[in-house]
Amino acid sequence: MRVCTRRRSRTLRLWLLIVFLSLHLLVVSLVLSIYHTSCEPHSNLDIQTSFSFSAENSSAPTSTMAAAESHTQEVEVDGTADGLAKLEALYSHPLYNLPIPPLLDGDWLLKVRTEKKEKERSTKQWLSANEDGYDPIRWNASAETHPPWLRFHLGISRWQMYHHKDPNLSALTQQMASHRIVSAVQKSGGTQLKLVMSFPNYGQALFKPMKQERHEETNVNLYYFSDFERHNAEIAAFHLDRILGFRRVPPVVGRLINVIKEIKDITTDHKLVTTFFTSPVGNACFYGQCSYYCSTEHAICGRPLKVEGSMAAMLPDPSLAPRRSWRSPWRRSYSRSKLAQWETDSNYCDSIKKTPPYDRGTRLVDLIDMSILDFLMSNMDRHHYETFEKFGNDTFLVHLDNGRAFGRHSKDEPSILAPLVQCCRVRRSTLLRLRLLSLRSYRMSDVMRASLSKDPLAAVVPLLSEPHLSALDRRLETVIQTIQDCLQQHQYHSDVIYDDITDYPGA
């Protein structure tokens, strides 16, 4: 009996010893494995994995997080560089370098007189442009004597706000973004706060302050006529209009403004001064006087002194270049309960086509261009548009006041495309550019991201969030499909396509 007990005891001890040695060897192998791994250099994939883990575990080593952030920044830079290459290729494409009708003396908004021709002839001689509408003398010869503001005004012609080769644009936006402000007064009219900023060289810009963060969407319970006006929407509209090849939005750039030194201390607007106050956390604030959102509850506040805003180049004074305001035929009712006629009449466009100035020329397709722009940026607030009186009805439409665009990226508003859907008419040049922007090598979201990256405020936060950029690609597909549906509905191609580039090859 005792012998059996001893044998069992020895067997148990032997098994315990084997288990102990096995566990010991396992621990040693794990330690050696970890030590060996820590000595090896991390690959990019390892860094990305470490970054994902460190985001979840705040106790991760600081060096690993720094490496991950550096890698992420490199990826963003590469994406921007790729977008800039696409943007450059886009503007070099033949569709963005099309000749415009020859410009005569009366096709420039303002006239320029040269001393040479003044000496040669007793009568006044005025400059005309080259075949593509580019006049080097207008921009280059006057660069030393005329400030960018005046050169911008001199470049306005019957067919566009500025020329795609205009070297003055960069100088103009740089001055708006950095030059000293000598005066700031509130602009009369309108529903929300806007300021007219003046510069030492007599230039002026319209300032719209930041009221909404980039990532925020418009409240779904707000009507379109009660929405905020966003400064980044004004900036983005200028870039999108240029990418579409329209060039009908005046130049706009972002700027950080010191609300005390650059507004309160220099303004002569006594009513504006009375609205300044200091918030409970010490930020300098003001609210001005307007129909909507001008109260302490909706004040514009610095952080603590500076606030973002958009600076839009002012057009020539109406005394020099009068403008006419036109009520849009597809204007909304601006009522909570009523609908506009175009929303209930399926044959509405038939009557518009018979009504001047939409019964001839390019006015109708110009208006449809504007509706495409508005749909892409989800702007429901296009109640009027303007033209320069000098050019009569044969001229481009000025795309002003785009502050209520880019409010929602999660929802598209099909009714904005009503002019295109109901009239089934579009410029051939517009259609070809839209198709170009749908290609991977010129993808709209990529070139838009790259274009916006040049704005000074992009260094703070991207001017449009990625969901807004993705929405552009989605809406672009909708526009192209709408045109395709129109082509299928009509027997003749020419019934839908207005061929404004007859010499351009391709479909």
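Let me begin with helix α14, residues 428-437, and helix α16, residues 466-489, whose axes come within 10 Å and cross at roughly 135°. Please keep in mind throughout that this is a predicted model. Two packed helices are described by the angle between their axes and the distance between the axes, which is the reason I start with those values.

How are α14 and α16 oriented to each other? Because angles over 145 degrees would count as roughly antiparallel and 65 to 115 as roughly perpendicular, the crossing at roughly 135° makes α14 and α16 oblique to each other. As for the hand, α14 passes α16 in a left-handed crossing.

Turning to the residues involved, on the α14 side we have Leu431, Leu434, Arg435 and Leu437, and these meet Leu476, Val479, Ile480, Ile483, Gln484 and Leu487 of α16.

My second topic is Glu262, which has its place in helix α9, residues 260-264. Is Glu262 buried or exposed? Its relative accessible area is 17%, and because buried means under 20%, Glu262 is counted as buried.

What does the side chain of Glu262 reach? At 2.7 Å there is the backbone nitrogen of Asn258, and at 2.9 Å the Glu262 side chain makes a polar contact with the side chain of Arg255.

Definitions and conventions: Residues are numbered from 1 along each chain as its sequence is written. This is a predicted model: local features need pLDDT of at least 70, side-chain atom pairs count only at pLDDT 80 or more; totals for chains, interfaces and linings use all residues. Side-chain values use heavy atoms; hydrogens and water are left out. Helices (H or I, at least four residues) and strands (E, at least two) are DSSP runs, numbered from the N terminus. Buried means under 20% relative accessible area, exposed over 50%, partly exposed in between (1.4 Å probe, protein chains only). A polar contact is a pair of N or O atoms within 3.5 Å; within protein, one must be able to donate a hydrogen and the other to accept it, and residues adjacent in sequence count only if both atoms are side-chain atoms. Axes are lines fitted to C-alpha atoms, for helices over the stretch in contact, and angles run from 0 to 180 degrees between N-to-C directions. Angles under 35 degrees count as roughly parallel, over 145 as roughly antiparallel, 65 to 115 as roughly perpendicular and the rest as oblique. A crossing is left-handed if the near helix is turned anticlockwise from the far one by less than a right angle, and right-handed if clockwise. Contact means heavy atoms within 4.5 Å.
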